[in-house]
Amino acid sequence: MALQILIVDDSPAMRSFIRRVMKLSGIEVEQYFEAGNGEEGLAQLAANPIDAVLTDINMPVMDGEEFVRKMRADGAHQSTPVIVISTDATTHRIQTMQELGAVGYLQKPFGPEQLRNELDRVLGVGHE
Amino acid sequence: MSDTAIHEPAAPEMDALIGALLHSCSEHVLETMFFAAVFEAADPAASTGCERVTSRLHFSGKPSGDFEVDADPGIARALTAGFLGIEESEVTSAQEDEVMAEFCNMTCGSALSSLGCVEYFNLQVPETTRSEAFAPEVEGVRRAFLLDGGTLSVCLRVDFDRS
């Protein structure tokens, strides 16, 4: 199954890198949706059918914590998988994001294999 | 959040640990996300007074501190091309600024996450600048690396006392 992926990151370069790594990983993506912060991410979620969300934490306007919190408070998106992509791999940060509702966590730096493994894990290996 | 003090090693041991982490984390970030190889260590003082592209950030938390990266302009361009998967001739200054900031963010975050005595941290948005005669602004543990076509150095200061 080709996926509809939402990438939430304030860096256009990082969003471009994630798309590139997704392609290198062999994951079949039907369409990418992008947002520069959590507020834009919520708008994309409201307007489009999304299979999985990849989100940064440190962003202007609305950060990743608030984004995931509001996403989970919305009944329509309580089960949409969220993978956090961050440089911060401290126990404190990972626990916080998991408590808010993230089901995956990918620490930068990462490559195609790590991204694919994490997506396979949260979506189920048979998602293709 | 716990108020328990962070137990860090003595200063010389901590500097050695940070130096080793800067080396391993920089190498890992460069190879994994920038598709660039580190050939060997270089002289950290050699970039002073030279034309460099620099990115710096401050981090707060337990502990707080600062991080700085500086690179030959040609290395900044090559890393940007590698990160974005484009030709060096297509790279813009804005893209260079953004990608050097990403390198700064990733390497600092990776080193802090590996340090072992970091409770939590918040990275501020890095700022990228260019100078004809680079002068380091962060006084901390500095390591430099020879890449294909130039050098890149990183410097981390961890302020346990000010946390």
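Visitor: Which residue is the bridge partner of B:Ala42 in E6(B)?

Guide: B:Ala42 has B:Ala144 of E6(B) as its bridge partner. What you see is a predicted model, in which local features need pLDDT of at least 70 and side-chain atom pairs count only at pLDDT 80 or more, while totals for chains, interfaces and linings use all residues. Residues are numbered from 1 along each chain as its sequence is written, and chains are lettered from A and ligands numbered from 1 in the order in which they are written.

Visitor: What makes E1(B) and E6(B) a pair?

Guide: Two strands pair if DSSP finds at least two bridges between them, where strands (E, at least two residues) and helices (H or I, at least four) are DSSP runs numbered from the N terminus. E1(B) and E6(B) share 3 bridges in the antiparallel sense, and they therefore meet the requirement of at least two. E6(B) also pairs with strand E7 (residues 150-159) of chain B, antiparallel over 7 bridges, and there B:Arg143 stands opposite B:Val154 of E7(B). The hairpin of E6(B) and E7(B) has 2 residues between the strands, and B:Gly149 takes a positive phi near 105° in it.

Visitor: Why is strand E6 (residues 141-147) of chain B called largely enclosed?

Guide: A residue is buried if 20 or more other C-beta atoms, placed from the backbone, lie within 10 Å of its own, exposed if 12 or fewer do, and partly exposed in between. In E6(B), 6 of the 7 residues are buried, so the strand is largely enclosed by the rest of the structure.

Visitor: Why does A:Val61 count as exposed?

Guide: A:Val61 has 12 C-beta neighbours inside 10 Å and therefore counts as exposed. A:Val61 sits in the loop between E3 and helix H3 (64-73) of chain A, and its phi is positive, about 70°, although it is not a glycine.

Visitor: What makes B:Phe35 partly exposed?

Guide: B:Phe35 has 14 other C-beta atoms within 10 Å and is therefore partly exposed. Its phi is also positive, about 55°, although it is not a glycine, and its place is in the loop between helix H1 (11-33) and strand E1 (40-42) of chain B.

Visitor: In what order do the 5 strands of the open sheet of chain A stand?

Guide: The order is E2-E1-E3-E4-E5, with parallel pairing. Strand E2 (29-35) and strand E5 (104-107) of chain A are the edge strands, each pairing on one side only. Neighbouring strands are turned by 20° against each other on average, direction ignored, where axes are lines fitted to C-alpha atoms (for helices over the stretch in contact) and angles run from 0 to 180 degrees between N-to-C directions. Strand E4 (residues 82-86) of chain A and E5(A) pair in the parallel sense over 4 bridges, with A:Tyr105 of E5(A) as the bridge partner of A:Val84.

Visitor: How do you know that helix H5 (residues 112-123) of chain A packs on the sheet?

Guide: Two residues are in contact if their C-beta atoms, placed from the backbone, lie within 7 Å. H5(A) touches strand E3 (52-55), E4 and E5 of chain A, and its direction makes about 175° with that of E5(A). The loop between E5 and H5 of chain A holds A:Pro109.

Visitor: What is the omega of the peptide bond from A:Lys108 to A:Pro109?

Guide: Omega is near 5°, and the bond is cis. In chain B, a cis bond with omega of about 5° joins B:Lys62 and B:Pro63.

Visitor: Why does the radius of gyration of chain A agree with that of a compact globule?

Guide: The radius is taken over C-alpha atoms, and the globule rule is 2.2 Å times the number of residues to the power 0.38. For 128 residues a compact globule would come near 14 Å, and chain A has 13 Å, which agrees.
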